[in-house]
Amino acid sequence: MNGTEPSATDLDLVRLAQAGNVEAFGELVERNRRAVFRAALACVGSPAEADDVAQEAFVTAYRKLATFRGEAQFRTWLLSITWRKAIDRRKSISRWLRLTVSPGRDDSGEDAFDQMERIASTSRSQEDTVVDDELQQNVTRLIGTLPKKLRDALLLAGTGEHTYEQISQMLGAPLGTVKWRVSEARRVLKKKLAALGYAYE
Amino acid sequence: MNNDSPWTGSHKSPLDRAIDRAVWNLMHVDPPAGLRRRVLARLEPGAAERRLFAPRFAWGAAALVILIVAVMFTRDHRTEPAAIVPQPSVAANVPPALRASPAAPLKAAVERGSPSQIPSPRITREAIPMPPVANVFGARTGNVSAAAESGVEAVWPGAENPSSAVAPLLIAPLTPAPIETPAIVIPPLVIAPPKGGL
């Protein structure tokens with residue numbers, strides 16, 4: 001395995017990759033692929049575009065690996081590269097999130113919606129039955145109408161792969177600002193949903 | 001996920017749950033299989049490109065230098081003062097093959113049916129010496145030819161009989177005579193006094 005045992009830290013793998021060990025970088029790709037992909041997905045909205053952005057981000061990171069000094073976490077550094085690539089892609093394709101994106105499937109064959117259903121079913125209450133498909137469609141549509149700054153923060157926070165600190169680094173905004181944007185995004189969504197006749201509280 | 005995860009908060013309202021669910025559906029998509037393989041596949045050509053970059057650059061630079069030298073050499077060669085040609089004419093610039101029989105190559109090319117094979121005369125600055133021009137009229141004879149309707153060459157009758165040859169014309173020398181011009185007499189101008197006195 002060329003010194004890329006599972007117990008190696010990201011920094012160990014970075015040092016090996018800086019020495020020319022491509023397999024070590026491959027292990028870094030494996031460890032961070034989901035975080036990178038979802039960050040790109042939050043920005044460009046399309047899984048196919050996000051896959052391209054993720055590849056570009058990893059290739060760019062590999063070529064800039066010599067500039068990584070280890071002051072920050074490798075994932076944070078990698079996610080910053082990813083976000084810049086994703087922003088460039090979003091500008092170039094001049095379209096944003098395709099909210100009609102079909103849920104992807106992981107290796108187990110279980111799509112994202114199934115995962116959500118499985119996890120939520122453990123604590124499903126009578127109140128959850130109110131959340132019907134129509135509401136889901138409206139929420140999804142309204143997310144697309146949010147200002148970019150609020151939308152980006154909300155979706156990055158919803159990936160389940162990024163901490164507020166990492167989101168702050170990606171967006172180049174203070175931590176408190178990121179938290180406010182997420183909260184504000186939710187408030188705006190609920191306000192719009194209330195305007196559509198859904199119960200605010 | 002650590003404790004700093006932004007999605008660990010509990011949202012109680014149905015709308016909060018709906019938002020969570022919608023965001024989850026949008027974001028919880030896994031990357032397509034084989035991302036690692038695709039990334040590594042893109043890294044290998046990149047490394048190869050970096051290795052080939054310096055030699056490629058060197059080859060490119062060498063080719064550029066050769067091109068520049070060739071262009072400069074060609075220009076110098078073209079700007080050399082051409083030999084002075086007394087009578088520069090288009091005919092003198094026609095290649096010898098065309099000069100020998102101007103229409104022959106053209107006619108042959110046309111007969112072959114390939115216009116691209118028609119030789120095009122090159123314009124050159126090289127001096128092509130003209131061949132010495134001999135007497136194109138041939139040896140002198142006393143015969144005078146003239147066109148006849150019958151196509152038979154007419155012969156001046158006097159040419160066969162030397163006795164009837166035209167005598168040479170004698171021209172008497174002219175003697176210049178002085179030009180005599182009559183003397184012009186100019187009468188003196190007489191001015192009469194006005195009537196009544198001055």
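Biologist: How are α2(A) and α3(A) set to each other: parallel, perpendicular or oblique?

Modeller: Keep in mind that this is a predicted model. Start with the angle between the axes. Helix α2 (residues 22-44) of chain A and helix α3 (residues 47-63) of chain A cross at roughly 135°. Their axes come within 8 Å. Angles over 145 would count as roughly antiparallel, and 65 to 115 as roughly perpendicular. α2(A) and α3(A) are therefore oblique to each other.

Biologist: Is the crossing of α2(A) and α3(A) left-handed or right-handed?

Modeller: The crossing of these two helices is right-handed.

Biologist: Which residues of α2(A) and α3(A) make the contact?

Modeller: From α2(A), the list includes A:Phe25, A:Val29, A:Arg33, A:Val36 and A:Phe37. From α3(A), A:Ala50, A:Val53, A:Ala54, A:Ala57 and A:Phe58 are among them. Sorted by class, this contact of α2(A) with α3(A) holds 14 nonpolar residues, three charged and no polar ones.

Biologist: Now a second pair. At what angle do α6 and α9 of chain A pack?

Modeller: Helix α6 (residues 133-143) of chain A packs against helix α9 (residues 175-195) of chain A at about 130°, with the axes 10 Å apart. That makes α6(A) oblique to α9(A). The crossing of α6(A) and α9(A) is right-handed. α6(A) brings A:Asn138, A:Val139, A:Leu142 and A:Ile143 to the contact, and α9(A) brings A:Leu189, A:Lys192 and A:Leu193. By class, the contact of α6(A) with α9(A) has five nonpolar residues, one polar and one charged.

Biologist: How many helices and strands does chain B have?

Modeller: Chain B has six helices and zero strands. Along the sequence its pattern reads α-α-α-α-α-α.

Biologist: And what percentage of the residues of chain B count as buried?

Modeller: Of its 198 residues, 10% count as buried. Among chain B contacts between residues at least 6 apart in sequence, 35% join residues at least 24 apart.

How values were computed
Residues numbered from 1 in each chain as written. Chains lettered and ligands numbered in written order. Predicted model: local features only at pLDDT ≥ 70, side-chain atom pairs only at ≥ 80, totals over all residues. Axes fitted to C-alpha atoms, helices over the stretch in contact; angles between N-to-C directions. Helix = DSSP H or I, 4+ residues; strand = E, 2+ residues; numbered from the N terminus. Parallel < 35°, antiparallel > 145°, perpendicular 65-115°, else oblique. Left-handed = near helix turned anticlockwise from the far one by under 90°. Contact = placed C-beta atoms within 7 Å. Nonpolar A, V, L, I, M, F, W, Y, C, P; charged D, E, K, R; others polar. Buried ≥ 20, exposed ≤ 12 C-beta atoms within 10 Å, placed from the backbone.
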